Protein chains: 2
Amino acid sequence: MSEAVVKDNQKPVLHALKLACSNCSLAELCLPFGLPDADLSQLDLLIDQRRSVRRGEHLYQAGTHFESLYAIRRGFFKTHALTEDGREQVTGFHMTGEIMGVDAISTDIHACHATALEDSEVCEIPFTRLENLIREIPALQRQFHRIMSREIVRDQSVMMLLGNMRAEERVAAFLLNLSQRNAARGYSASGFHLRMTREEIGSFMGLKLETVSRTFSKLQDEGYITVDKKRVDIIDMERLKALLSHCSPRNVL
Amino acid sequence: MSEAVVKDNQKPVLHALKLACSNCSLAELCLPFGLPDADLSQLDLLIDQRRSVRRGEHLYQAGTHFESLYAIRRGFFKTHALTEDGREQVTGFHMTGEIMGVDAISTDIHACHATALEDSEVCEIPFTRLENLIREIPALQRQFHRIMSREIVRDQSVMMLLGNMRAEERVAAFLLNLSQRNAARGYSASGFHLRMTREEIGSFMGLKLETVSRTFSKLQDEGYITVDKKRVDIIDMERLKALLSHCSPRNVL
DNA sequence: CTCCAGATTTGATGTGGATCAAATGCAACT
DNA sequence: AGTTGCATTTGATCCACATCAAATCTGGAG
């Protein structure tokens, strides 16, 4: 679908305007981090396609052939897998500047689905060409390795969460994690709009949707947060963090 | 500290004999997979140090500076982190041919401890030099990316396990995983010796040690396996796999 | 606007695994 | 052999969360 769009003639103009990593504000969260301008423009050449994905549509599906990584330019995604009996397990939530698809490198097949939770745009990064460029630019190589490693650390702290924490702690950790990631993008750390349903939160955190809902209510009653459907405001950040103090030295989700 | 070890006694002789990736039987599980001989010898040059780690000793500790990855030449390790209140969470078990330490790339600080569960030997791979070599050898680059990606996939399937499965299923999945990895190394898929305690298994699987013990007993009573302290034999592999049939990811669309 | 399917909240009840407790087994000592 | 300290097993009880159920809310389609 988006292939057709790219080939249109007027595209190259938009192209130069919109696609360049060199003028992307997300640079320091994304692949270009730490690159000098000269190298940045090489990265620009690599990303010759952008895709927009409407809310509810998938960016890729589990089982399909892997060719590209995707950097989120705008929007919000979940990655998820289905079990044989049809239940779904959410494996992550992803926001602007984050790279999706690295799990597929090991087998050349996507291990999970990626679905937009709001209207989104991604930069498509052909992986073979990225590997070539990585060999030319040490700083890009280092940043790419960091991104993969960060994903491993992130997954391992989710493992700790699922293995050790009770419901209240899990939800607190989840909210604090969203808060931090919002802050890193220049948005409010204390108030935000949830893009996912209670069920998706529960799936990610190993809880049932009813438990997520009850826990939100409980945290609200106890003055940690206010919740109004998808809107969450953290009222007492310190106390919320204190809920987790005994769970982990550093690696909180 | 490891520098000191290298200096003592007869070590350098063993060195030349045993260190070469080129004659290492683990090659296809490890970094050298797919490399032509010419490139292999370059990899040999990189690995100029081997460390032996006695049972119970750590290979590295969380919080220490990261310099090298480690390939397990012989032995068995756990990686684990401590929570503030002193509980430990096991984040993985690692056997011959596997690479440890990739989680530290993101921050240059080790995110977890690595402790030998039996007397072991590892090849130390200085990371900066590995990155240099990776830029020279595309096949090595690809294999390294696969290894990182595989770790991500592995962690995500543990997340699914912790989020979805009941105790019996978790233990079955754990045993089947060990079985597969043994088989991949040319050992028996049906019978093996557990290197870790019930408590460590429980920590990894999000269960208490008593639950692990009870579940072993239950699986034995029902004819799936036999357990005699650390020795486990899988009696009915098919039925054991069937326990998981409805949990496994369905990658078809 | 109304209608309707899905999302959320809240209550009542059940249960799997945690917790508490105690006996036994086993390896490394002396 | 006896002692010590940890690992394991097994039983009894408890509780956090799942499950079942129902009411309410919400947003999108017509």
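**Briefing: the surface near DNA strand D and the two domains of chain A**

In the surface near DNA strand D, α8(B) supplies the largest share, namely six residues. The model described here is predicted. The points below take up that surface and then the arrangement of chain A, for which the domain assignment gives domain 1 (3-137) and domain 2 (165-251).

**Surroundings of DNA strand D**

- Around DNA strand D there are 19 residues, of which R166(A), T211(A), T197(B), S213(B) and S217(B) come nearest.
- Both chains contribute elements that each supply at least two residues of this surface, these being α8 (209-221) of chain A and, from chain B, α7 (198-205) together with α8 (209-221).
- When the residues of the surface near DNA strand D are sorted by class, 10 are charged, five are nonpolar and four are polar.

**Domains of chain A and their contact**

- Between the C-alpha centres of domain 1 of chain A and domain 2 of chain A the distance is 27 Å.
- The contact between the two domains involves 12 residues of domain 1 of chain A and eight residues of domain 2 of chain A.
- On the side of domain 1 of chain A that touches domain 2 of chain A, two or more residues are given by each of β3 (68-82), β4 (88-95) and β6 (113-126) of chain A.
- The largest share of that side of domain 1 of chain A comes from β4(A), which provides five residues.
- By class, the residues on the side of domain 1 of chain A that touches domain 2 of chain A comprise six nonpolar, three polar and three charged.

Technical notes: Residues are numbered from 1 along each chain as its sequence is written. Chains are lettered from A and ligands numbered from 1 in the order in which they are written. This is a predicted model: local features need pLDDT of at least 70, side-chain atom pairs count only at pLDDT 80 or more; totals for chains, interfaces and linings use all residues. A residue is near a molecule or strand if its C-beta atom, placed from the backbone, lies within 6 Å of it. Helices (H or I, at least four residues) and strands (E, at least two) are DSSP runs, numbered from the N terminus. Ala, Val, Leu, Ile, Met, Phe, Trp, Tyr, Cys and Pro count as nonpolar, Asp, Glu, Lys and Arg as charged, and the others, Gly among them, as polar. Domain bounds come from an automatic or database domain assignment. Two residues are in contact if their C-beta atoms, placed from the backbone, lie within 7 Å.
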